[in-house]
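Colleague: Could you walk me through this one? Start with the words I need.
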Amino acid sequence: MHRFYLAPAECDDEPLALSERESHHAVDVLRIRPRERVVVLNGAGDEFLCEAWETDRRKVTLKVLQKASIPPLPCQVTLAQAVTRGKAMEMIVQKATELGAHRIVPILSERTVAKIEAAPNKIEKWAATAVEAIKQCGSAWLPHIETPLTPQEFLLRAESFDLSLIASLQSDARHPRERFDSFRSDRKRLPGSICVWVGPEGDFTPAEINSVRGTGALPITLGPLVLRSETAAIYCLSVINYEIQSQRGEACRPRQ
């Protein structure tokens, strides 16, 4: 079933009306016809099962048949991602959305090559990429993408996370599973919020790493190979997803 996106404020009145861009895609690309059923996501936890009424390339209207509220994932994951060059950042946003990231904070490290100030439309492009990603994967939750910050600017917020991790090549880095096992052993529960830092090509500077670690972030290893930044982001989020889901499943098993 085809999926479309409408901002929460645009889902208050019925029938629902797709934007001109979404309407064009629905009619000219997907060939949606009257009485065909589709799904609308608002990115804020609501999913609407709809039936197409009017199908004009500039305006598609939809009758809501059923509304479902989807709870957020049990662990809110923030990806503090050093901005990469070219379309690599778009891919990171896409995959982070598909992997259930709650928030993406673009980080302007001293070693960041991309110049966001010269291309402010990139932020809008990242947001559009996230919208397309929830339509593809069916997530009812759209990650919040922040305005790019330096590491120090983000750290000055003094945000609190149950578990803070940083991808690292340092000798004391440990496999992410060890960090999860230690947390669960100490707290007798799973983390409800996680922040994971991923550096640029060449990694964060030593000073930046020390600043992040100074706030309690634990270094994690991504294996013996040096990964590109976009690969490292996908690796981290995949491992976090696996650990949360596997340990939650284990916690839910009845004891013998």
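Modeller: Contact means heavy atoms within 4.5 Å. This is a predicted model, where local features need pLDDT of at least 70, side-chain atom pairs count only at pLDDT 80 or more, and totals for chains, interfaces and linings use all residues. Residues are numbered from 1 along each chain as its sequence is written, and side-chain values use heavy atoms, with hydrogens and water left out.

Colleague: Which residues is L79 in contact with, leaving aside neighbours within four places in sequence?
Modeller: Those are I92, A96, R103, I104, V105, V196, V198, A233 and L237.

Colleague: And which residues touch the most other members of the largest nonpolar core?
Modeller: L79, I194, V196, C236 and I240 do, in a core of 30 residues. A nonpolar core is a set of buried Ala, Val, Leu, Ile, Met, Phe, Trp, Tyr and Cys residues joined through side-chain atoms within 4.5 Å. Buried means under 20% relative accessible area, exposed over 50%, and partly exposed in between, using a 1.4 Å probe and protein chains only.

Colleague: Which element supplies the largest share of this core?
Modeller: α7 does, with 6 residues. Elements that each supply at least two residues include β6 (76-82), β9 (163-167), α5 (176-187), β10 (193-198) and α7 (229-252). Helices (H or I, at least four residues) and strands (E, at least two) are DSSP runs, numbered from the N terminus. There is also a second, separate core of 16 residues, which includes F4, L16, F48 and V64.

Colleague: Back to β9. Is it enclosed or open?
Modeller: Largely enclosed by the rest of the structure, because 5 of its 5 residues are buried. L163, L165 and A167 lie on one side of β9, with S164 and I166 on the other. In a regular strand the side chains alternate between the two faces of the sheet.

Colleague: Which strands does β9 pair with?
Modeller: β9 pairs with β10 in the parallel sense over 4 bridges, and with β11 (residues 218-220), also parallel, over 3 bridges. Two strands pair if DSSP finds at least two bridges between them. I166 has W197 as its bridge partner in β10, and stands opposite P219 in β11.

Colleague: New topic. How many disulfides are there?
Modeller: The structure holds 0 disulfides, a disulfide being a pair of cysteine sulfur atoms within 2.5 Å.
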